[in-house]
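Welcome! Please take a moment with the sequence and the 3D view below before reading on.

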Amino acid sequence: MLIKLRRRNRLVLVLLLLGGGLVVALFLANAFGAVNVPLPDILKMALNRLAGFDFPSTWRAVDETIIFQIRLPRVISGALVGAALATAGVLFQGLLRNPMADPYIIGTSAGAALGATVAMMLPVNLVFLGFGLVPMAAFGGALVTVILVYNLARVGGKTPIISMLLAGFVVSSLLAAVMMFLMSISGRLNLNIHSVYSFLMGNISVTSWGQLAVIAPLVIGGIIGARFFAFHLNAFSLGEEGAAYLGIEVEKDKIRILALGSLLTAAAVSISGLVGFVGLVVPHAVRLSLGPDHRLLLPASALAGGGFLIIADLVARIILAPVEIPVGVITAIIGAPFFLYLLRRTRREYAF
Amino acid sequence: MVSLQVRQVYFSYLNGLVLHNINLFIKAGEMVGLIGPNGSGKTTLIKLASGVLKPKRGEIRLDGSSLSQLSRKSIARSVAVVPQQFHIPFAFTVNEVVTLGRIPFLKAFAGESKADSQLVANALELVGITELRERRFDELSGGERQKVILAMALAQQPKLLLLDEPIVHLDIAHQIEILELIRRLNVERGLTVIGAMHDLNLAALYFDRLVLLKEGRVSADGTPAQVLTETRIKEVFSASVRVEPHQVTGVPHIIIMPKENIDKSGSS
């Protein structure tokens, strides 16, 4: 049915459906947790606050505090992390022409992990814009690593994709080794191994609206910026030379797309650690169901990624409540079978 | 319709000189074939003409303006390239691939206009693949794919069409079909065509002018009859051939002469 619609109508319809899904996920995730708050109450609270309604409060004041001060910031961070990782996944897969690429492929994850580990060791309590040292070090570590990888792969004014993948692999391995070394001598370093594991498995750790005020503009700006490169990424499907024949400034646009994808990834990992699978599986799933045109793929993946991570985080919070499971475990457990189902069902598979 | 002027162009990759003092003037509406042995610089010359490679010395002018002064986008608005093949890792439909040809003309956030869709439809029609438009590109045969790529290039509305051995992987029926189509575009619409060609007989049949490259230099430039002589082919390709006039068209026809006697008459 979707195929038959005109392109623009189809785009609007798909985005409306996914956007609606995201909103539903948002409400659901707010309703459940250590304390369950009925959905109608949440709807009323939201209308009171956002739309100036005046429903009498049939709920406890503490419930409202839980919803607006604890749960909502966390749920919104989940949405932002999911959207950022899915968008970065589309950018990297499209640019590298590699369906196995994910946001972490050129070293962001290893850089962020090492940065975070080192920050955990330091007896410094620095706070900037509401962020402690660990998220800042993760953010910085991710970006510094990508810059390093890019420059290592650069030869004679060009940065071949294959050199970048190889340099990314080597640098990642090196940084991971350093991190494991630090972990192995954690006893002498005042390093809490459990915190490191928690970062590596992915755990959404936003606690305040102040942090969101920094991350949200970064992620939303990045997602809108990514959409600007939809044509470029379509052209890159033909390879770098083919893209050049279509008027793309290959080296310039490559660095812009890389920068954007890395920034989105760094923003995500700084508040969530290394949540796996979202950046790999969401772009795949969307591409398999809607086709590879990046004009639709980019916004649809952002919405789907956001919704997916909200649900995954909800499951992580409630399945063994009050114990929280790392959300990265849930993304893999939900993501993998869903992806397999899509692979088997669809006829728009890949041409490897 | 544009002309292309190659003036004293030198080019080298990291490991050595590839083109040496190339001078060519290709008039608007000409159909020129580049021939020569492997490694003689045909592909490099096509890439230089497309602007994706820059000459180390000398310059290339497209209708009087130097390629190095033009942005990639403005070059792509008048020059299209058909390479040997494209590999597309994602499952685009034929229509989507041909629509890629409109990219040089699109604004960042806008979609294709009706006019763009019409141009895509025209390109599909012209190449005769309208019925393939909803098929997936990667499911097509090599010959069909190459037609799609040609349609994509035509959707670019090029004034100069560059071909880099576009038919080497195709069967003889597709080779002829594609060359006849390009020939028709050249004759009917005045499209300037420069094509690197492997098959000397096909080059002689479909191109009016041939430029023979040998080790990065122009070794001969003229009509097929002037360029494809027995002695020159022997010298440049080190191949033993006999050249006779084509029985119908009269252009040179190259007959391969095996070095060893191969007797397949079955009389032995």
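Predicted model: local features only at pLDDT ≥ 70, side-chain atom pairs only at ≥ 80, totals over all residues.

Residues are numbered from 1 along each chain as its sequence is written, chains are lettered from A and ligands numbered from 1 in the order in which they are written, and side-chain values use heavy atoms, with hydrogens and water left out.

**Where chain B meets chain A**

- Contact here means heavy atoms within 4.5 Å, and 33 residues of chain B are in contact with 32 residues of chain A.
- On the chain B side, Pro89(B), Phe90(B) and Phe109(B) lose the most area to chain A, together 21% of what that side buries.
- About 3100 Å² is buried between chain B and chain A, with carbon and sulfur atoms giving 63% of this area; buried area is the accessible area (1.4 Å probe) that two parts lose on being put together, summed over both.
- The rule finds one salt bridge across this interface, where a salt bridge is a side-chain nitrogen of Lys or Arg within 4 Å of a carboxyl oxygen of Asp or Glu.
- Lys47(B) forms a salt bridge with Glu241(A), and their closest N and O atoms are 3.1 Å apart.

**The two domains of chain B**

- Chain B is assigned domain 1 (1-78 + 159-224) and domain 2 (86-157); such bounds come from an automatic or database domain assignment.
- The C-alpha centres of these two domains of chain B lie 23 Å apart.
- Between the domains of chain B, 15 residues of domain 1 are in contact with 15 residues of domain 2.
- The two domains of chain B bury about 1300 Å² between them, and carbon and sulfur atoms give 65% of that.
- One salt bridge is found across the interface of domain 1 and domain 2 of chain B.
- Lys147(B) forms a salt bridge with Glu177(B), with the closest N and O atoms 2.9 Å apart.

**An open space: the second largest pocket**

- On a 1 Å grid over the protein atoms alone, a cavity is a set of points where a 1.4 Å probe fits but cannot get out, and a pocket is an open set with protein on both sides within 12 Å along at least five of seven lines; lining residues have an atom within 4 Å of a point.
- Grid points are joined across faces, edges and corners, and a volume is the space filled by probe spheres set on the points.
- The second largest pocket has a volume of about 1000 Å³.
- It is lined by 31 residues, and the closest to its centre are Gly156(A), Lys158(A), Glu251(A), Val52(B) and Leu53(B).
- α12(A) provides the largest share of this pocket's lining, four residues; helices (H or I, at least four residues) and strands (E, at least two) are DSSP runs, numbered from the N terminus.
- The lining of this pocket has 13 nonpolar, seven polar and 11 charged residues, where Ala, Val, Leu, Ile, Met, Phe, Trp, Tyr, Cys and Pro count as nonpolar, Asp, Glu, Lys and Arg as charged, and the others, Gly among them, as polar.

**Enclosed spaces: the cavities**

- Searching the whole structure gives three cavities of 30 Å³ or more.
- The largest cavity holds about 80 Å³ of space.
- Among its 11 lining residues, Asn234(A), Arg295(A), Glu96(B), Thr99(B) and Leu100(B) are the closest to its centre.
- α3(B) gives the largest share of the lining of the largest cavity, three residues.
- The second largest cavity has a volume of about 50 Å³.
- Its lining has nine nonpolar, no polar and no charged residues, including Leu4(B), Val6(B) and Ile194(B).
- α1(B) gives the most to the lining of the second largest cavity, with three residues.

**Charged pairs overall**

- Over all chains, the rule counts 25 salt bridges.
- Glu324(A) forms a salt bridge with Arg74(A), their closest N and O atoms being 3.2 Å apart.
- This pair links distant parts of the chain, 250 residues apart: Glu324(A) is in the loop between α14 (294-318) and α15 (327-345) of chain A, and Arg74(A) is in helix α3 (residues 61-96) of chain A.
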